Amino acid sequence: MAYGEMACKRLLLLVGSNPLPNYITALILKPQSISLFYSPETEEVMKYLCKALEVALSGAHLDATCIEDATSAAKVRNAFPKNLHDFHFHYTGGTKIMAAHARMAFRDAGGKDEQASYLDERKGVLRFDNGYGLDLAKQQLGLTLDDVLRLRGIKPLSGSQPQADDPWQDDAARIARAVLEDSSLAQSLYHLHRDRETNKRLPFIKAKANAVKVDELVPGGLSIQRIPEEHWKRQTYYDWLRFLGGGWLETWCGTLVRQIVDGDEIAVGLDCKLANGRQCEVDVALVRGHRLYMISCTTDSKIGLCKSKLFEAAMRARQLGGDLARSALVCLLHGSDLKGAFVDQLRNDVADVWDAPNTPQVFGLDDLKEWAGIGSPPALNSLRTWLES
C-alpha cells in the first residue's frame, strides 16, 4: 500500500508524558483535524502539545477530551467516536493500560489496521498495524530545537548582544589545546580570582587591582591581554570568568559539532526558563531529523561528579526527546584503578541502569585529545559516529 493512501483527514492521539511522538506523527500525516485524549495527569502536556500543533499545522482543527480514569476500559471506549470514517488512530502516547483499552475500542468501533499506528522509538520507524512502516530518518520534518522546547513549555531566554570584548571561538580552541596538554590548567582557570577560603569570586574592584596577564595563564595568550582589562565593565569581567571557568569547553565542543553537521542549527550555552519557572542551561544541543542531541560539558575530572552530570544530561534529554533523544557527556575524566579505566567504568555504570534504547555516551580526556589532534592528526570519528547514531 502506498504511503499516500495512509494519509488521514482526522487524527486521534493519546497524550502521555512525552508529546514528541504525537507531534512527529502529526507532521507526517498532516491531518485536517486532531482529537487529543488525555488524563488529568497529562493535562499540561496536552496544552503544550496543542499550542505546538497550532503553530505547525496552521488551519487544523483541534479538540481535546479528558478521560478521568484512563484505567477504565468503559470510560476509554465511551470517549471514542463511533464513526471512524477518515480517522487515523496513533497510540504511542498514554499509559500502557490506556493504549491497550483505546486500541481495543478503536478496533471494536470498526477501525482497521491500516488506520492505526505507533512510533517505534528504538528503530526510528512510524509503524502501521498492517505491517507498513515509515523510516523517520527519511521524512522531511523540519523539526527544530524550538519545537522540542515548545512541546515542554520551555522558553529560551534571549541573551545579550555580542560585544567586542566577548570571548571568541579561537579563544576556546586555544584554551582547549592548552588544557588537553596540561589538564591541571582547567582548575587553575576555574579558581582564577577566587578567594581561597570562601571559594567566592573576588569583587570586581579588587580584581581590577590584581589583574592577571593572560599569557601567564594560557600559553600563546588569548584575544585579551589581562583579566580584567582596565576598560571593562563588571558584566564583561564575569562573562570572561565564566568562560575561563568552563564555558570554553562548550564553545569548543559546539565548534566541533558544527564541523560535522554543517547547516543544522546548534545551540551553545542556551539559557532557558522551564514551565515551572526555574531556569536551566543547555550546554550544546541540536535537532537532526527527528532526533534531539544534547551534550553536557564539564571540566571536572572526578568520576562521581562526572556521573552526576551524565545522568542529569541523560534525564533532561529523555524528558525533551523521549527515547528518540541522544545524550552525551564531554569531560576531562581520565585515569584508572583496579576496576579499569574511569571512562569505561562510567559507561558501564550508566549502561547497567539506563533502560532507554540508546545509552548515554561519555567522552573523556583521551577522546578530547583525539579531537584536538594532541599527539596525532585531529580526528572527530567518535563524535561523528555518535551524531549519526
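Me: What's the strand order in the open sheet of 7 strands?
Reply: The order is E3-E2-E1-E4-E5-E6-E7, and the pairing is mixed. Strands here are DSSP runs of E with at least two residues, numbered from the N terminus, and two of them pair if DSSP finds at least two bridges between them. This is a predicted model, where local features need pLDDT of at least 70, side-chain atom pairs count only at pLDDT 80 or more, and totals for chains, interfaces and linings use all residues. Residues are numbered from 1 along each chain as its sequence is written, and side-chain values use heavy atoms, with hydrogens and water left out.

Me: Which strands stand at the edges?
Reply: E3 (61-66) and E7 (133-135); each has a single partner strand, so one side of each lacks a neighbour in the sheet.

Me: And in which sense do E1 and E2 pair?
Reply: Parallel, over 5 bridges, with E1 covering residues 10-14 and E2 residues 33-38. Leu 13 has Leu 36 in E2 as its bridge partner.

Me: Switching topic, how much space lies in the second largest pocket?
Reply: About 730 Å³. That volume is the space filled by probe spheres set on grid points, which are joined across faces, edges and corners. A pocket is an open set of points on a 1 Å grid over the protein atoms alone, where a 1.4 Å probe fits, with protein on both sides within 12 Å along at least five of seven lines; lining residues have an atom within 4 Å of a point.

Me: Which residues are closest to its centre?
Reply: Of the 29 lining residues, those are Asp 283, Ser 296, Cys 297, Thr 298 and Lys 309.

Me: Which element gives the most to that lining?
Reply: H10, with 6 residues. H10 is a helix spanning 303-321, and helices are DSSP runs of H or I with at least four residues.
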